[in-house]
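Walk me through this structure, one region at a time.

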Amino acid sequence: MSQSPDINRQITLASRPHGAPTPNDFNFIEAAVPTPGDGEILLRTIYLSLDPYMRGRMSDAKSYAEPVAIGEVMVGGSICRVEESKHPGFTKGDLVVAFGGWQDYSLSDGEGVIKLDSAMPNPSYGLGVLGMPGLTAYMGLMDIGQPKAGETLVVAAATGAVGSLVGQIGKIQGCKVVGIAGSQEKCDYAVNELGFDACLNHHAEDLDEQLAKACPAGIDVYYENVGGKVFDAVLPLINPKARIPLCGLIAQYNATELPAGPDRMPMLMGNLLVKRAKMQGFIVFDDYGHRYDEFQQAMVPWLMSGKIKYREDKVTGLENAVEAFIGLLQGENFGKLVVEVGPDQLA
């Protein structure tokens, strides 16, 4: 189904999932296209970003952001054209990064909306390598991880939107980079295309032994975006004064209770204490939104020169967003997951 100028297709939250989301947790509805008031802009969605954090926004557990209310449009970053403007800072036809959500059209007062080059050849890159995932990778690694030449960097979800960039930035900084991914195909891509020194399949029963062999000098920086058994394999190998940027915990997003087994908190605390390691969580736009220009100044030349390679997993059609999102949480995507909602026609 394609966009209609008279209909606003929307995907709303129907219920809060218990465990992994299912299609029944979403509703696909049609509404009228909204009309902008004074100081507002009407945005037409071209691309929608699908990201793991959205699972957290489906829950009503206390977190860093308000949950999506039942019946509300699912949240999400988007690349949009300004269809109509009653805002002095925007003109019809502007290409922007916004937070329009899972729908064809949205209204904005301009807050948080970032203008892009209207003739940008790959607009969807504003949702990935030049957008939130890129900023997350760059600032988490450089500001918290502080990689140094000769150190060993380990990154999980190594071919994902964030992990693939973390590893490549680490190589630019002179690190040995070991990735962890969910298939042999992804591991081969990380080594052969992205330039990682090694990549391990997290489904391997002997992951901890393989990781120890791949990191004979220990681990100086671990970029954490998975958790679960991957972190269990990493923790015993961290070096004194290791740095662990805590970006996400995708292995735990669908959990409904704590994992079975002994309390591992004393082991974690003991390792952090004895190793004098730093483990720091961050919320990218809250902590680093004001440094977006700094990130762009580094990333754009790397991307243009070929030092950074980037892969998208593009899905066509808003009606396919739910299936793609469920697959994302199961590791089925290969690269930054975006939905092509509508054609990029100048407004």
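Buried means under 20% relative accessible area, exposed means over 50%, and partly exposed lies in between, with a 1.4 Å probe and protein chains only. Helices (H or I, at least four residues) and strands (E, at least two) are DSSP runs, numbered from the N terminus. The model is predicted: local features need pLDDT of at least 70, side-chain atom pairs count only at pLDDT 80 or more, and totals for chains, interfaces and linings use all residues. Residues are numbered from 1 along each chain as its sequence is written, and side-chain values use heavy atoms, with hydrogens and water left out.

Take helix 10 (residues 321-329) to begin. Eight of its nine residues are buried, so helix 10 is largely enclosed by the rest of the structure. The buried residues are Ala-321, Val-322, Ala-324, Phe-325, Ile-326, Gly-327, Leu-328 and Leu-329. What covers them? Contact means heavy atoms within 4.5 Å. The cover includes strand 1 (7-13), strand 2 (26-32) and helix 1 (53-57). It also includes strand 14 (312-316) and strand 15 (336-340). Just after helix 10 comes Gly-331, with a positive phi of about 75°.

Strand 9 (residues 176-181) is another enclosed element. Five of its six residues are buried, so strand 9 is largely enclosed by the rest of the structure. Two strands pair if DSSP finds at least two bridges between them. Strand 8 (residues 152-156) runs parallel to strand 9, and five bridges join the two. Within this pairing, Leu-153 faces Val-177 of strand 9.

A nonpolar core is a set of buried Ala, Val, Leu, Ile, Met, Phe, Trp, Tyr and Cys residues joined through side-chain atoms within 4.5 Å. The largest one has 46 residues, and Val-166 and Met-299 touch the most other members. Helix 2 (residues 132-145) gives the most to this core: six residues. Which residues does Val-166 touch, not counting residues up to four places away in sequence? They are Ala-137, Leu-141, Leu-153, Val-155 and Tyr-223. A second, separate core holds 25 residues, including Val-154, Val-234, Leu-235 and Ile-238.

Now the antiparallel strands. Strand 3 (residues 41-49) and strand 4 (residues 78-85) run antiparallel and are joined by seven bridges. Leu-42 is set opposite Glu-84 of strand 4. Strand 4 also pairs with strand 5 (residues 95-98), again in the antiparallel sense, over four bridges. There, Ile-79 has Val-97 in strand 5 as its bridge partner.

Next, the rings. A pair of aromatic rings is described by the distance of the centres and the angle of the planes. Rings of Phe, Tyr and Trp (its six-membered ring) pair if their centres lie within 6.5 Å; planes under 30 degrees apart count as stacked, over 60 as edge-to-face and the rest as tilted. The structure has ten aromatic pairs. One of them joins Phe-282 and Tyr-288, edge-to-face, at 5.9 Å centre to centre with 70° between the planes. Phe-282 is buried at 6% relative accessible area, and Tyr-288 is buried at 5%.

An α-helix has 3.6 residues a turn, so residues three or four places apart point the same way. Tyr-292 is buried at 12%, and Phe-295 is buried at 0%. Tyr-138, Tyr-292, Phe-295 and Trp-302 form one aromatic cluster.

Two rings carry a charge. A charge sits over a ring if NZ of Lys or CZ of Arg is within 6 Å of the ring centre and within 35 degrees of the ring normal. Lys-115 places its charged end over the ring of Phe-90, 5.4 Å from the centre.

Finish with two single residues. Asn-201 belongs to strand 10 (residues 198-201). A polar atom of the Asn-201 side chain lies 2.9 Å from the backbone nitrogen of His-203. Ala-119 sits in the loop between strand 7 (114-116) and helix 2. Ala-119 is exposed, with a relative accessible area of 62%.

Note on methods
A polar contact is a pair of N or O atoms within 3.5 Å; within protein, one must be able to donate a hydrogen and the other to accept it, and residues adjacent in sequence count only if both atoms are side-chain atoms.
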